[in-house]
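Visitor: I would like to learn how to read a structure like this one. Could you walk me through it?

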There are 4 protein chains.
Amino acid sequence: MSETSRANSSTAGGTPARERKLRAQGRRTLRKLLEAGRTVFESKGFREARVDDIAAEAGTSHGTFYLYFANKDELFEALAADVVEEMQSLAAELGPIDSGEEGYRTLRDWLDRFAALYSHHAPVISVWQSSDAPTQLMRLGRHALSDLVDVLAKRVAESPAPHDIDPDTAAMAFVSLIERFNYLVTVRRLHVRRDTMLDTLARILHTGFFGGDAGGRS
Amino acid sequence: MSETSRANSSTAGGTPARERKLRAQGRRTLRKLLEAGRTVFESKGFREARVDDIAAEAGTSHGTFYLYFANKDELFEALAADVVEEMQSLAAELGPIDSGEEGYRTLRDWLDRFAALYSHHAPVISVWQSSDAPTQLMRLGRHALSDLVDVLAKRVAESPAPHDIDPDTAAMAFVSLIERFNYLVTVRRLHVRRDTMLDTLARILHTGFFGGDAGGRS
Amino acid sequence: MSETSRANSSTAGGTPARERKLRAQGRRTLRKLLEAGRTVFESKGFREARVDDIAAEAGTSHGTFYLYFANKDELFEALAADVVEEMQSLAAELGPIDSGEEGYRTLRDWLDRFAALYSHHAPVISVWQSSDAPTQLMRLGRHALSDLVDVLAKRVAESPAPHDIDPDTAAMAFVSLIERFNYLVTVRRLHVRRDTMLDTLARILHTGFFGGDAGGRS
Amino acid sequence: MSETSRANSSTAGGTPARERKLRAQGRRTLRKLLEAGRTVFESKGFREARVDDIAAEAGTSHGTFYLYFANKDELFEALAADVVEEMQSLAAELGPIDSGEEGYRTLRDWLDRFAALYSHHAPVISVWQSSDAPTQLMRLGRHALSDLVDVLAKRVAESPAPHDIDPDTAAMAFVSLIERFNYLVTVRRLHVRRDTMLDTLARILHTGFFGGDAGGRS
DNA sequence: CATGAATGAGAATTCATTCAT
DNA sequence: AATGAATGAATTCTCATTCAT
């Protein structure tokens with residue numbers, strides 16, 4: 001069950017697209033452009049992605065792009081909308097984590113889902129985390145992650161953590177760790193076996209943040 | 001003692017600078033350009049930084065820049081050289097971390113030094129971690145951090161960590177956490193009190209990675 | 001009959017042009033740029049020709065140029081391709097020159113055709129002969145002329161020339177004379193009546209290189 | 001005796017130099033700059049020659065150049081002055097060429113001297129012949145060569161040349177041939193034995209322009 | 001005298017965006 | 001709906017020339 005539900009992949013489109021009613025062909029082109037955007041943003045980053053690259057990747061012409069999006073930012077936003085939403089529901093899914101084995105499993109499963117989400121949306125998320133985006137767009141990203149931070153802060157606060165741990169700070173640290181780690185694996189293509197990754201991260205996070213007993217020592 | 005010794009800030013300069021003999025004034029200008037680079041890279045990121053911005057910040061003219069560096073990359077490299085070196089010596093400083101209170105203190109001190117290094121070199125480090133740099137430059141960054149990862153993997157392996165933790169993976173997670181956290185604080189200007197930050201991170205990392213006892217629960 | 005057939009003037013275009021499919025308008029612009037190149041190269045020489053000048057002369061904007069050619073060199077090459085070809089077929093046309101009146105007429109006709117070719121392609125040829133072009137481009141020119149030198153060497157060797165004449169050297173001398181003379185006339189605008197020019201050159205060359213009898217002395 | 005007398009190599013210098021009285025060291029630097037100019041102009045042509053290149057070649061600093069010459073043009077002019085002078089005296093040396101063996105020898109000797117002059121001054125002359133120079137400077141060149149053309153026209157007119165040869169046109173052709181041929185040999189480094197070259201050119205020119213009997217046919 | 005330092009007017013090129021077919 | 005064509009602002013880099021030490 002490591003797939004987050006993302007039934008209706010963004011069919012939004014930018015301002016130009018919304019001002020017309022799209023027919024079958026139009027919707028197809030729109031989808032191709034969104035997909036192409038994902039691909040190109042991932043490989044080149046936001047600034048380096050050329051509208052031309054995206055159009056070429058989508059197999060349409062340069063001008064067509066502007067039939068659907070007012071500019072690059074809008075395409076990005078369309079992609080980002082999805083992510084924000086998914087990120088929020090993922091945050092919502094994160095229930096209390098107790099310090100026992102059950103908490104460990106809950107956490108591990110959740111990390112699995114987070115990894116799945118990340119790997120699909122890496123292009124967008126990694127643009128957020130770089131300073132490589134117009135400030136405008138970065139605000140989106142901040143919102144997406146801040147929900148997560150809030151929930152995490154609550155979970156940490158609930159747990160029997162050491163007294164010198166500040167929940168908000170801890171939550172930020174938690175997000176830092178998983179965001180960046182997934183970035184290394186997904187974007188920088190550092191190879192780690194999925195199981196190893198989940199075992200290790202879950203154990204560390206459970207122990208470090210949620211009072212988990214480190215269990216059988218080696 | 002939260003300041004790393006960085007007496008001799010890079011006075012290297014790029015190819016053009018090395019091909020001339022600099023007099024007092026020249027050396028001064030070189031230093032101003034390096035400093036300006038740091039400033040501008042920090043506020044705008046590598047790609048968005050204009051050579052013009054840097055020159056203006058340094059209070060020199062456009063063309064003067066090219067008297068000292070062949071291009072933006074070279075300026076960046078000059079800055080990076082410093083960081084690589086400091087990062088390596090910081091890695092070397094990280095001795096064994098035991099699971100007791102002494103290990104905790106060692107770790108906390110080291111994190112303090114890391115934060116100091118980061119805050120001074122944020123512009124450079126944050127460029128490395130974004131995909132926002134020519135691949136050429138990123139290799140530098142990879143080297144700098146991989147030393148750190150290696151040392152950490154060794155320290156984790158030594159410690160009485162849970163059996164399902166893979167030291168290499170853990171090391172990556174450790175670096176992810178501290179790099180990104182400091183990024184948020186330094187570049188994104190998220191406000192956290194220094195003490196809170198050190199207490200929280202040290203406690204979490206000690207507990208999560210080095211078998212530290214979480215100490216007095218709340 | 002002093003016009004060489006050059007029906008299909010180069011419609012090639014540079015790399016960017018070849019990567020798009022040109023419509024009627026595009027082809028027109030391409031042609032205008034090529035023609036503008038010819039004009040500007042002729043009046044300013046290769047190095048002094050500004051891409052802006054060429055664009056202006058073609059009545060298009062700056063950026064449009066780069067829709068058709070990657071840079072000045074490519075435009076030049078497109079022009080040069082034509083010349084090389086024409087030069088080679090002109091070389092092939094040069095049959096044996098006997099020492100009698102018929103040889104004289106053959107030679108005079110050929111010089112006429114050479115002059116026609118030269119006047120149309122002066123901008124390109126004169127760039128070749130100056131050291132004023134990237135070495136890359138000069139190689140093209142060397143090939144074009146060396147064919148001519150080869151044929152001429154053969155013709156001179158066939159003719160009853162004095163024993164102390166080296167055919168290869170003579171061929172070079174021949175090409176030197178006609179190339180430079182036409183340069184002076186075409187590019188430097190030295191005024192000489194066409195007939196006078198052809199009469200004089202044909203007579204001199206026939207006598208000097210092909211054993212022609214100087215005919216009725218004055 | 002194939003060396004033209006060029007006892008007093010230009011010691012003129014540009015405006016700045018003339019406004020000061022040069023002492024020993026100054027004169028030495030001036031000479032080094034002139035020599036460096038020759039070298040650099042030869043290898044790169046006028047436009048491509050950088051003041052920096054010249055200064056470096058002369059072993060002085062950038063700024064020093066401007067102590068002696070107001071700009072690149074002036075350096076070139078200083079070099080050219082010599083050539084004009086030598087060219088004129090070489091023109092003056094060219095006496096009548098009869099159609100016999102004596103005329104042949106006279107011509108051959110003169111060509112030898114021309115070749116010597118050319119090889120020493122190739123940088124300057126080849127700049128003249130390219131369109132690669134400010135029009136200002138080219139006028140100089142035109143003067144230098146036009147003297148030669150005038151003398152040659154006279155010599156051709158005197159000789160028993162065919163009636164359809166126009167002396168002025170012939171003179172231009174003559175100059176074209178020898179200028180360009182020497183260019184190929186000197187600048188483009190086409191290898192031809194000196195004797196072969198002189199024999200061939202002298203014979204061709206004697207026969208073609210001065211009614212010389214082609215002598216022993218092969 | 002000599003030389004390092006600084007300047008700024010160009011020149012080439014790229015690319016997002018608008019337009020016409 | 002699609003696409004080729006055109007544009008021009010923005011950017012990097014070069015280099016002749018002037019200045020200060």
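Guide: Let's start with one helix. Helix H9 of chain D, residues 194-210, has 17 residues and reaches 22 Å from its first C-alpha to its last, close to the 24 Å expected at 1.5 Å a residue. Helices (H or I, at least four residues) and strands (E, at least two) are DSSP runs, numbered from the N terminus, and the expected span is 1.5 Å times one less than the number of residues. This is a predicted model, where local features need pLDDT of at least 70 and side-chain atom pairs count only at pLDDT 80 or more, while totals for chains, interfaces and linings use all residues. Residues are numbered from 1 along each chain as its sequence is written, and chains are lettered from A and ligands numbered from 1 in the order in which they are written.

Visitor: Is H9(D) largely enclosed or open, and why?

Guide: We call a residue buried if 20 or more other C-beta atoms, placed from the backbone, lie within 10 Å of its own, exposed if 12 or fewer, and partly exposed in between. Of the 17 residues of H9(D), 14 are buried, so the rest of the structure largely encloses this helix. After H9(D) comes D:Gly211, with a positive phi near 65°.

Visitor: How do I describe two helices that pack together?

Guide: Two packed helices are described by the angle between their axes and the distance between the axes. Axes are lines fitted to C-alpha atoms, for helices over the stretch in contact, and angles run from 0 to 180 degrees between N-to-C directions. Here H6(D), residues 101-129, and H8(D), residues 167-186, pack at about 80° with their axes 9 Å apart. That makes H6(D) roughly perpendicular to H8(D); angles under 35 degrees count as roughly parallel, over 145 as roughly antiparallel, 65 to 115 as roughly perpendicular and the rest as oblique.

Visitor: Which residues in H6(D) and H8(D) meet?

Guide: Two residues are in contact if their C-beta atoms, placed from the backbone, lie within 7 Å. Among those in H6(D) are D:Leu111, D:Phe114 and D:Tyr118, while those in H8(D) include D:Ile178 and D:Tyr183. By class, this contact of H6(D) with H8(D) has seven nonpolar, five polar and one charged residues. Ala, Val, Leu, Ile, Met, Phe, Trp, Tyr, Cys and Pro count as nonpolar, Asp, Glu, Lys and Arg as charged, and the others, Gly among them, as polar.

Visitor: What does the secondary structure of chain A come to?

Guide: Chain A has nine helices and zero strands. Buried residues make up 46% of its 218 residues. Among contacts in chain A between residues at least 6 apart in sequence, 72% join residues at least 24 apart.

Visitor: Which domains does the assignment give for chain A?

Guide: Domain bounds come from an automatic or database domain assignment. For chain A it gives domain 1 (15-70) and domain 2 (74-210). Their centres, taken over C-alpha atoms, are 29 Å apart. Each of these two domains brings 12 residues to the contact. On the side of domain 1 of chain A that touches domain 2 of chain A, helix H2 (residues 24-44) gives the most, with six residues.

Visitor: And how do I read a contact between chains?

Guide: Count the residues on each side, then look for the elements that supply them. In the contact between chain D and chain C, 42 residues come from chain D and 42 from chain C. Helix H2 (24-48), H8 and H9 of chain D each supply at least two residues of the chain D side, and H9(D) gives the most, with 11 residues. That side divides into 18 nonpolar, 15 polar and nine charged residues.
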